[in-house]
Amino acid sequence: MYYKSTRDSSVCVSSAQAIAQGISKDGGLFVPSELPKLKLEEIISLGDKTYPERAAFIFSKFLTDFTEAEIRYCTDNAYTDKAFDTENICEIAHLFDGTYMLELWHGPTCAFKDMALQILPYLITTSAKKINLDKKVVILVATSGDTGKAALEGFKDVEGTEIMVFYPDDGVSAMQKKQMTTQEGENVGVCAIKGNFDDAQNGVKAIFTDESVVDALSQSGKMFSSANSINWGRLAPQIIYYVSSYAQLVKDGEINAGDKINIVVPTGNFGNILAAYYAKQMGVPVNKLICASNSNNVLTDFLQTGVYDRNRKFYTTISPSMDILISSNLERLLYHLSGDNDKLIREWFESLKQTGRYEVTADVFEKIKNDFCAGYCNDDETKDLIKRVFDKYSYLCDTHTAVAVKVYEDYVEKTGDKTKTLIASTANPYKFSSSVLSALGEYDENLDEFELVEKLNQVSKMSVPKSLAELKDKQVRFTQIIDKDDMKEFVLSALA
C-alpha cells in the first residue's frame, strides 16, 4: 500500500512517510493508492474481538510497511481503559427504535478526536523510526476546539516531539479554552488568534508549505508534521470505529449480517464523514451517508448543488467545532471521485484560494449524490432538539450531536427512509454546559463554567467526567493572543 498526493499523483510514499510528513510538499493530502476490500465475514468476525484487536486488523490493511508487532504496539497502548472510561473504548446507545448513538467521547478529553489522537503519537513516532528520521517532529495544529486539546493530551511529553496549537480566541467554548490553556507538558504550546478556525487552518497550511520556515526548522534538526485530519494517521483511526460499530450491531442482534445502515455525522472539516465513506468503500454495508451542518452550511449547499462557495457570512454558533467554511478533507473525496485527477484538484482548489468557490463536474456530482445526503439546522433548532430528546428519552446530547439528530429527523421526514441508522455522537455535553443548560431552560448567567457543570449534573444526573472536573483547580499556562497574520513569526520564534 502506497500513498499518493491529491495534487500530484506521481508522488508515491510509504504509510510511514505519509504519517511522519503529514502533508505533501505540493500542498496536497496523502491518500491510499487503493482502498482495501473487506469481505462481509471478515467484518462480522470482528464482533468477537476487542477494540484494539479490531483496530490492528484494519490498520494491517493500510499500514503494510508496519510489522504486526509495530501495529499491535500502537493499538494496545492507545486503546486502554486507562485512557478511556469504558473497556469498549466507544459505546453504542439506543436512542429510539432503529436509531443508535455511537458515543465517541469516552476518551481523556471527552471528544471524538481522542479516538484518533490517542494513537497518532504512537503512529508518528513509530513511523519516524521506520524511515530513520533523525529530526525532532514538530506537530502544528489548527483547532476549532476539540482537536487542539486531544492533540495536546496525546503528544504531551512524547519523546522526540513538540506540539503547537492555534485556536480562534472567540471561537471555542469556555471549557474547550480552559482545557487547552491549562495543558500540562514540557513540549506543548498554545496560542489564540484573532480570527476564526479557517484563518487558523489557512495559517497552519501556509506554514507547512513555506520553504523558508521548513528550511529554518531543518537547520535546527526539526521537521513539521500534523495532528489535524489532513494527516492520514489522524484519519485512518476514524475508519476503524465505523467498521467496528457495524460488527458490534450484528453481534448485539440489532441488525443482520449484510443489512445496510445509514450513518449520520455532524462535521465541519469533513474528516469524520470521509472516514465513514472509506468504511463503505471497503465493504461495510452502508445505505446513505448523511452530512449534518450548523448555520455554516457550506457543506450542505455543496453536497446538494456541486458548488462549493465559502463567500458567505460566517456564524459563531453553539456548536463551535463545526464553525468552518473550508473543509479540508473534501479534497480527498473529490480526488477519488474524479478518478485520481490531480489536474482537476489543483484547478478546483486554486479557484477556491483565489475566488472562494469552485464547481465540480457533472459526473463527480452524480457520484456524490449516490452516497451522500445533507442538511443543516440553526442554534434555536439545535437547542429545541436537545430539550425534546432529553425530555422524551432522558438522553443528553451535546450541541454537535444534536445537530446530527435534527438533520436525521429532517431526512426521515423528507425521504421516509426507515433504514436503521447510526448517529455519530462527537462530544460529552459537559464540554458545552452553558449551551446545553440554556437548551434545557436551566441556564443561570450568574454561575461560572464549573458551577454550570455542577448545575447540569443536578439537572441531568449524568456523571461529570473526571478530566473536566479536575480543570477547575488547574492553573492557566497559555494566555497569548496574536493576529492571524503573525502565526509564521510566532512559530519561528517559539521554535528557535
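**View A. The end of helix H13 and its buried residues.** In this predicted model, Gly 306 follows H13 and has a positive phi, near 85 degrees. Helix H13 spans residues 298-305. Its buried residues are Val 298, Leu 299, Thr 300, Phe 302 and Leu 303. An α-helix has 3.6 residues a turn, so residues three or four places apart point the same way. The cover over the buried residues of H13 includes strands S11 (286-293), S12 (307-309), S13 (357-359) and S14 (372-376). Helices H14 and H16 (362-371) are also included in that cover.

**View B. Packing of helix H12 on helix H14.** H12 covers residues 271-282, and H14 covers residues 330-337. Their axes come within 9 Å and cross at roughly 30 degrees. Because angles under 35 degrees count as roughly parallel, H12 is roughly parallel to H14. H12 contributes Leu 274, Tyr 277 and Tyr 278 to the contact. From H14 come Arg 332, Leu 333, His 336 and Leu 337. By class, five residues of this contact are nonpolar, one is polar and one is charged.

**View C. Phe 208 and Phe 224, an edge-to-face pair.** The whole structure holds 19 aromatic pairs. In the pair shown here, the ring centres of Phe 208 and Phe 224 lie 5.5 Å apart, with 70 degrees between the planes. The pair is edge-to-face. It links distant parts of the chain, 16 residues apart. Phe 208 sits in helix H9 (residues 197-208), and Phe 224 in strand S9 (residues 222-226). Both Phe 208 and Phe 224 are buried.

**View D. Phe 270 and Phe 372, a tilted pair.** The ring centres of Phe 270 and Phe 372 are 5.8 Å apart and the planes stand at 40 degrees, so the pair is tilted. Phe 270 lies in the loop between strand S10 (261-266) and H12, while Phe 372 belongs to strand S14. The two residues are 102 residues apart. Phe 270 counts as buried, at 0% relative accessibility. Phe 372 also counts as buried, at 3%.

**View F. Cysteines without disulfides.** The structure holds zero disulfides. Cys 373 is in none, and the nearest cysteine sulfur, that of Cys 291, is 10 Å away. Cys 191 has 0% relative accessibility, so Cys 191 counts as buried.

How values were computed
Residues are numbered from 1 along each chain as its sequence is written. This is a predicted model: local features need pLDDT of at least 70, side-chain atom pairs count only at pLDDT 80 or more; totals for chains, interfaces and linings use all residues. Side-chain values use heavy atoms; hydrogens and water are left out. Axes are lines fitted to C-alpha atoms, for helices over the stretch in contact, and angles run from 0 to 180 degrees between N-to-C directions. Helices (H or I, at least four residues) and strands (E, at least two) are DSSP runs, numbered from the N terminus. Angles under 35 degrees count as roughly parallel, over 145 as roughly antiparallel, 65 to 115 as roughly perpendicular and the rest as oblique. Contact means heavy atoms within 4.5 Å. Ala, Val, Leu, Ile, Met, Phe, Trp, Tyr, Cys and Pro count as nonpolar, Asp, Glu, Lys and Arg as charged, and the others, Gly among them, as polar. Buried means under 20% relative accessible area, exposed over 50%, partly exposed in between (1.4 Å probe, protein chains only). A disulfide is a pair of cysteine sulfur atoms within 2.5 Å. Rings of Phe, Tyr and Trp (its six-membered ring) pair if their centres lie within 6.5 Å; planes under 30 degrees apart count as stacked, over 60 as edge-to-face and the rest as tilted.
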